[in-house]
Amino acid sequence: MSAVTATISEDEMGARTKPATPDEGSRLGFRLTLPAQILVLFISAFPLLMQLYISVTDWSPLSGAGWWNAWEMWNSFANYTDLAADTRFWSALQRTAIVMLVCVPAEFLLGLALATLFADEFPGKRIFYSILLMPMMVVPAVAGYMFFMLFQSGGPVNDILSRIVGTPVTVAWLSDPNLALIAVMIADIWQWTPLMFLILLAGLVGVPEDQMKAATLLGANAWQRFITIVLPKMKTIIIIALAIRVIENFKIFDTLYIMTGGGPGVATETISVYIYKVTTQDLIWGYVAAIALAILIVLSIVAVYAMKRMAQAREVPA
Amino acid sequence: MKRSVPFEIFRYAAILAAMAVTLVPILWMVSMAFKPIGEWSATGADLTWWPKQPTLSNFQFVFGHSTNDLIVALDHTALKPILSSLLSAVFGTAIAMSAGTAAAYGLSRFGSGQNLPLALIQLRLFPPMAVMIPVMIMWAFLNLNDTWWGLALIYGIVTLPFAFWLMKTFFDDMPREIEEAALVEGCSRLRVFTRITLPMMRAPLASAALFVFILNWSDYLIALLLTTREWVTIPVYMASLSSSMTGQLYGAKAALGLIAAVPPVIMGIAIQRHLVRGLTFGALKQ
């Protein structure tokens with residue numbers, strides 16, 4: 001270790017903790033973070049380089065050559081230009097966007113409504129709260145199977161609908177291209193509204209009550225209080241909640257794949273399902289690597305934005 | 001604030017409606033798990049919301065005691081998938097928690113590893129599907145495919161961000177006076193960490209570990225890609241419980257789904273208080 005870095009960390013440490021000998025602290029700190037650093041490096045640097053390398057070749061696990069010999073199948077940027085012309089990719093992306101644009105706002109509004117109901121004390125609050133949080137703890141694949149059963153043409157969803165309309169309803173939810181996507185979105189909303197509820201409730205209880213009282217005395221009604229006091233106070237939390245759901249929803253796979261397998265046809269094929277199919281069925285890994293890298297680059301931009309917001313949030317005292 | 005009577009009525013009505021929607025899918029699976037095969041696909045007027053003749057045969061079936069000749073025996077019972085899920089989730093949690101806790105302490109107290117927060121958020125951000133090709137190649141190279149330890153390693157890395165962020169917020173909140181007192185007494189830094197800080201953090205550590213365990217236990221995609229036969233986990237095994245000969249084994253799948261769903265739900269309720277922090281990477285304090 002060079003003397004320069006040692007001096008810098010000594011100064012830093014001196015400001016942080018008084019009684020410690022600075023050297024000991026910085027050495028221990030370095031050692032403590034080492035395992036995590038190694039794991040992160042192991043799963044990011046090398047795989048990324050490998051992905052970049054494979055993405056400019058036609059390599060596939062069936063090609064007979066090891067991945068390190070993929071240069072023999074060099075095709076420059078053909079994978080990337082193919083991607084631009086891949087209509088199945090673009091419609092999968094579009095479908096992912098549709099799911100996101102329906103599910104995230106629905107989860108947000110339902111979660112916010114629930115959080116408003118839970119903002120103050122009332123008898124039975126704890127038990128209701130625990131029950132309403134349950135869906136997010138159910139294994140997503142199992143949730144997918146639950147909804148697979150619910151949406152069978154002879155299943156409970158149609159049974160409930162039959163009772164409401166009075167005549168037998170036998171809608172084949174999961175084999176109708178339009179309805180399958182709706183069924184998948186309902187499952188996602190069921191599972192993740194509790195998360196929105198949980199986060200937004202945490203924000204809502206942080207809104208100072210004296211300000212609310214003052215506004216009430218000044219004659220503000222509930223809606224005005226909500227717009228002028230609650231929303232501005234919760235702005236950061238709302239952004240974090242939405243960011244988390246947008247990121248997670250973009251990855252949608254488990255529930256959906258168990259429910260429909262991406263079908264019927266490609267009706268519920270989202271980005272993750274598309275990549276999964278190309279990876280495991282078509283086995284054109286060079287191409288998959290190119291798709292994956294393109295997605296990673298776009299998401300990295302989102303990541304930087306989300307990180308900024310989170311850093312800001314931590315500075316705001318809750 | 002005081003609420004009016006109509007509001008209270010509205011509140012309970014809305015909450016009961018939300019509970020109904022929440023519980024119907026869960027109750028349907030519970031009911032299905034205890035239904036005999038004849039009631040699995042009853043429809044219309046015969047649709048049974050609650051098993052008419054409750055039976056444990058679905059559970060017996062997934063553990064290899066088939067009482068129905070219609071169902072062809074499976075290649076193996078659910079015992080090994082359960083073991084695989086348990087081993088990979090437990091050891092994955094151990095990896096994530098030990099690396100994450102150490103790193104969180106290092107950053108919280110000594111400012112080491114400033115790059116980790118961003119690196120770990122990014123790790124969480126990417127769709128697993130988009131980074132799995134190199135992982136599949138590496139795992140094949142390291143002979144980790146279709147092993148529980150291979151799953152444990154990748155689970156440990158994938159959930160490291162949560163372990164790290166949760167523990168970091170816990171360490172940040174912990175008062176330092178006790179640690180400083182011990183330092184004055186002549187304790188070494190490492191000794192303070194292992195003998196004073198960690199024992200004091202027992203409850204938060206347990207919560208974080210349960211949280212990470214739920215995440216590991218919940219995985220489907222990674223196990224789907226990295227296991228093929230020997231060490232498939234419960235969700236992968238569950239999904240495979242249908243064939244052209246038997247059709248959908250509704251009851252057996254539901255029984256297995258129930259086995260998979262119960263542990264995380266119980267754990268989740270136990271650590272409710274910490275869920276917000278865990279899921280928002282500590283961005284929100286509660």
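Predicted model: local features only at pLDDT ≥ 70, side-chain atom pairs only at ≥ 80, totals over all residues.
Close-up 1. A:E248, by contrast, has a relative accessibility of 29% and counts as partly exposed. Side chains of opposite charge can pair when their charged atoms come close.

**Close-up 2. A network of salt bridges around A:E269.** A:R88, A:E269 and A:K277 are linked in a network of salt bridges.

**Close-up 3. The salt bridge between B:R109 and B:E179.** The side chains of these two residues, B:R109 and B:E179, form a salt bridge in which N and O are 2.7 Å apart. B:R109 belongs to helix 4 (residues 79-110) of chain B, whereas B:E179 belongs to helix 9 (residues 177-184) of chain B, so the pair ties together parts that are 70 residues apart in sequence. Both B:R109 and B:E179 are buried. Over all chains, the structure holds 13 salt bridges.

**Close-up 4. The area buried between chain A and chain B.** The two chains, A and B, bury about 9,100 Å² between them, and 79% of this area lies on carbon and sulfur atoms. On the side of chain A, the residues that lose the most area to chain B are A:L32, A:M137 and A:Y145, which together account for 7% of what that side buries. Counted by residues, 102 of chain A are in contact with 109 of chain B.

**Close-up 5. Polar and charged pairs across the interface of chain A and chain B.** One salt bridge is counted between chain A and chain B; the side chains of B:R11 and A:D120 meet in a salt bridge, with 2.6 Å from N to O. Between chain A and chain B there are also 13 residue pairs in polar contact, with both residues at pLDDT 80 or more. Helix 2 (residues 22-55) of chain A gives the most to the side of chain A that touches chain B, contributing 20 residues. The residues on that side of chain A divide into 73 nonpolar, 17 polar and 12 charged.

Definitions and conventions:
Residues numbered from 1 in each chain as written. Chains lettered and ligands numbered in written order. Heavy atoms only, no water. Salt bridge = Lys/Arg side-chain N within 4 Å of Asp/Glu carboxyl O. Buried < 20%, exposed > 50% of the residue type's maximum accessible area, 1.4 Å probe, protein only. Helix = DSSP H or I, 4+ residues; strand = E, 2+ residues; numbered from the N terminus. Contact = heavy atoms within 4.5 Å. Buried area = accessible area lost by both parts, 1.4 Å probe. Polar contact = N/O pair within 3.5 Å; in protein donor to acceptor, adjacent residues only side chain to side chain. Nonpolar A, V, L, I, M, F, W, Y, C, P; charged D, E, K, R; others polar.
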